[in-house]
There are 2 protein chains.
Amino acid sequence: MLQENINIKFIAEKANVSIATVSNVINSKGRVSVETALRVKEVIDSYQYSGNLAAKNLRTRKSYLFGVVVSLLQPEGRIKNNPFYWELVSGIESKAREKSFDIVLKGIESPEELTTFITQRNLDGLILVGAKSDSPVVAKVKELDLPIVFLDSYLDESAPFQVGIDDAFGGRVATEHLLSLGHQRIALITGDLEPDSVNGRRFRGYRSALQKNRSFDQNLIFESDTSAQGGFEATEKIITETNATAILSFSDVSALGVYKCLNEKGCKIPDDYSVVGFDGSYFSTFMTPTLATVKQDVGEKGEKAVDLLFLQIEDANRLKQQSRISLPVTFMVGSSTAPPRSTRR
Amino acid sequence: MLQENINIKFIAEKANVSIATVSNVINSKGRVSVETALRVKEVIDSYQYSGNLAAKNLRTRKSYLFGVVVSLLQPEGRIKNNPFYWELVSGIESKAREKSFDIVLKGIESPEELTTFITQRNLDGLILVGAKSDSPVVAKVKELDLPIVFLDSYLDESAPFQVGIDDAFGGRVATEHLLSLGHQRIALITGDLEPDSVNGRRFRGYRSALQKNRSFDQNLIFESDTSAQGGFEATEKIITETNATAILSFSDVSALGVYKCLNEKGCKIPDDYSVVGFDGSYFSTFMTPTLATVKQDVGEKGEKAVDLLFLQIEDANRLKQQSRISLPVTFMVGSSTAPPRSTRR
DNA sequence: CTGAAAGCGCTTACAG
DNA sequence: CTGAAAGCGCTTACAG
């Protein structure tokens with residue numbers, strides 16, 4: 001007694017109609033009488049029939065699949081450790097699910113792998129995270145006739161759909177907060193500092209605030225890994241090599257290392273050093289003292305990216321329209337900042 | 001000049017062979033002469049042809065797709081905040097990629113959604129994370145004739161393929177560490193305490209260690225959210241309602257809240273309270289004082305799960321074989337534990 | 001309103 | 001060693 005495959009033909013037979021009618025019912029084409037439709041639906045329900053997407057895909061060229069690519073070409077560390085990716089992917093998935101799209105998560109090691117991935121799977125859209133403007137992946141992908149959204153990237157107009165946050169503003173507002181407290185020497189801990197990157201923009205904000213105040217100093221900038229360890233090592237240098245009174249870290253994760261190092265060296269936060277982070281991670285309010293930070297909504301970033309994908313799918317004309325979404329950030333006051341020691345009494 | 005679709009027919013024409021031969025070359029069936037194979041390969045390369053998986057899938061019933069499902073039926077908070085999921089998914093993805101499988105990440109809200117997902121996409125395998133033994137999803141999924149691996153679940157023999165860690169051992173070793181320091185009253189902060197769950201097993205380890213020592217006390221157990229906030233709230237109660245000298249948290253994330261609360265109340269770690277976490281998160285060594293914790297390798301858990309999937313795919317006979325992989329955990333000494341105050345001088 | 005037929009791009013017996 | 005043909009499960013003109 002072998003289980004017959006439940007496919008459209010099986011349903012058609014049970015409902016005494018043709019497979020074309022079953023298809024019309026499923027896709028609500030409306031060219032079916034109400035009674036027939038009802039009967040077909042009943043059969044579908046009773047057998048829990050749910051169609052074969054591969055066959056549908058083959059016929060319609062739609063896969064209902066979005067690719068989410070986190071380039072492995074980036075420094076390995078960032079991928080494994082950044083606690084944000086899950087939140088991001090979570091936002092993407094839930095938004096995609098609303099419209100019955102699935103997401104396939106893919107790490108790639110070369111541009112060719114990406115195009116192969118896209119064509120093999122007939123992807124309906126692609127979300128690329130943290131692509132660098134000069135990356136061969138970006139060049140390759142822009143040639144494709146496919147809805148794409150770049151996340152946390154700063155690409156030129158040839159990549160019309162991008163979602164990010166106001167990084168420059170975040171960098172500026174964090175710096176201005178420290179300036180307003182009276183800090184003049186604000187050390188910076190940053191990841192990779194390419195100009196057209198998230199860090200690059202945050203840096204611009206930092207620099208412009210300081211330049212307005214004539215206190216920008218190249219020697220206070222420390223490029224390190226975006227990780228707790230990276231923050232720790234940068235802080236060691238800051239303590240010994242500079243006379244900074246405040247530390248701005250372009251990620252909360254690094255700020256963990258800043259705290260650790262300051263604690264080990266017997267430096268008090270905020271008495272000896274004020275500290276400001278970036279991201280507004282779930283743990284920032286649980287650090288002691290509470291970390292002042294620039295908060296962003298990572299989940300929403302993912303959701304917006306999916307919105308832009310659907311925009312491109314639903315209205316092909318918009319393909320030409322520029323649409324860079326820049327989500328706002330908020331400065332979160334914490335107990336990790338105070339006026340510098342010299343100005344206090 | 002419209003771009004012709006590059007499909008198997010196109011390649012066949014360019015190479016002057018039939019599509020059957022192209023197919024045989026692609027799939028290395030070996031029934032093709034060396035010269036022909038070479039010529040075909042050249043054409044394939046020059047057009048960067050990469051096949052259509054939907055068509056292949058339709059024909060062969062293989063999708064080269066694994067589903068990774070994090071049940072949304074669990075308390076919402078756990079999904080969004082747990083920093084481990086990314087590490088887990090990262091391990092799954094990289095292992096799957098080695099054998100050219102892609103993974104589709106899916107949140108589900110009902111058992112029906114899951115079966116629909118599986119049949120629609122013709123999944124070749126499924127990884128289910130943190131399923132409860134009495135969950136309808138588990139019941140539904142076990143009926144299916146599909147390679148499945150349960151992660152961090154404690155199901156009976158009817159679910160032969162499971163991957164987890166030695167939770168009971170972890171709970172025991174953490175407790176014994178505190179006992180050996182002289183602590184008698186060890187408060188416990190745990191998430192959901194179902195018997196057949198990760199927390200349930202860790203609890204068994206905790207309880208058995210304490211019972212052996214005749215110091216198990218039901219009043220020292222605090223069930224709360226697996227989150228920093230949950231840890232914070234539980235600690236407030238521990239301080240005011242108990243005379244505990246040590247706190248064991250079944251997650252490092254909660255331990256963040258423990259630290260926060262103790263700091264706020266002016267309690268010193270480890271002088272007033274010893275603290276032990278669980279998981280060995282990237283941030284545990286960056287807490288001050290360094291958190292003693294039970295370390296697990298989340299990425300490896302994901303990789304092992306994929307291994308078990310391939311085991312089932314490659315050898316259908318093993319479908320009956322029991323194979324629960326329990327990965328080891330290591331106790332990581334930290335600066336967060338010390339003998340209780342009363343025993344010190 | 002309904003159904004027969006073609007075709008999406010593959011693989012796989014089968015014949016030669 | 002090679003190719004013609006059938007068929008996987010759908011959708012979509014098209015005819016009736």
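1. Basis. This is a predicted model: local features need pLDDT of at least 70, side-chain atom pairs count only at pLDDT 80 or more, and totals for chains, interfaces and linings use all residues. Residues are numbered from 1 along each chain as its sequence is written, chains are lettered from A and ligands numbered from 1 in the order in which they are written, and side-chain values use heavy atoms, with hydrogens and water left out.

2. Extent of the contact. Chain B gives 58 residues and chain A gives 58 residues. Contact here means heavy atoms within 4.5 Å. The area buried between the two chains is about 4,900 Å², and carbon and sulfur atoms give 53% of that. Buried area is the accessible area (1.4 Å probe) that two parts lose on being put together, summed over both. Of the area that chain B buries against chain A, 18% comes from Trp86(B), Arg121(B) and Phe286(B), more than from any other three residues.

3. A salt bridge is a side-chain nitrogen of Lys or Arg within 4 Å of a carboxyl oxygen of Asp or Glu. Lys106(B) forms a salt bridge with Asp102(A), with the closest N and O atoms 2.7 Å apart.

4. Strand pairing. Strand 2 (residues 102–108) of chain A pairs with strand 2 of chain B in the antiparallel sense, over 3 bridges. Strands are DSSP runs of E, at least two residues, and helices are runs of H or I, at least four, numbered from the N terminus. Two strands pair if DSSP finds at least two bridges between them. Ile103(A) stands opposite Leu105(B).

5. Residues around the DNA. DNA strand D is surrounded by 27 residues, and the closest are Ile8(A), Ser23(A), Tyr49(A), Arg59(A) and Thr36(B). A residue is near the strand if one of its heavy atoms lies within 4 Å of it. Sugar and phosphate make up 68% of the atoms of DNA strand D that come within 4 Å of the protein.

6. Phosphate distances. A polar backbone atom of Ile8(A) is 2.7 Å from a phosphate oxygen of DNA strand D. For one in the side chain of Thr36(B), the distance is 2.6 Å.

7. Elements near the DNA. Helix 4 of chain A gives the largest share of the surface near DNA strand D, 5 residues.

Note on methods:
Polar contact = N/O pair within 3.5 Å; in protein donor to acceptor, adjacent residues only side chain to side chain.
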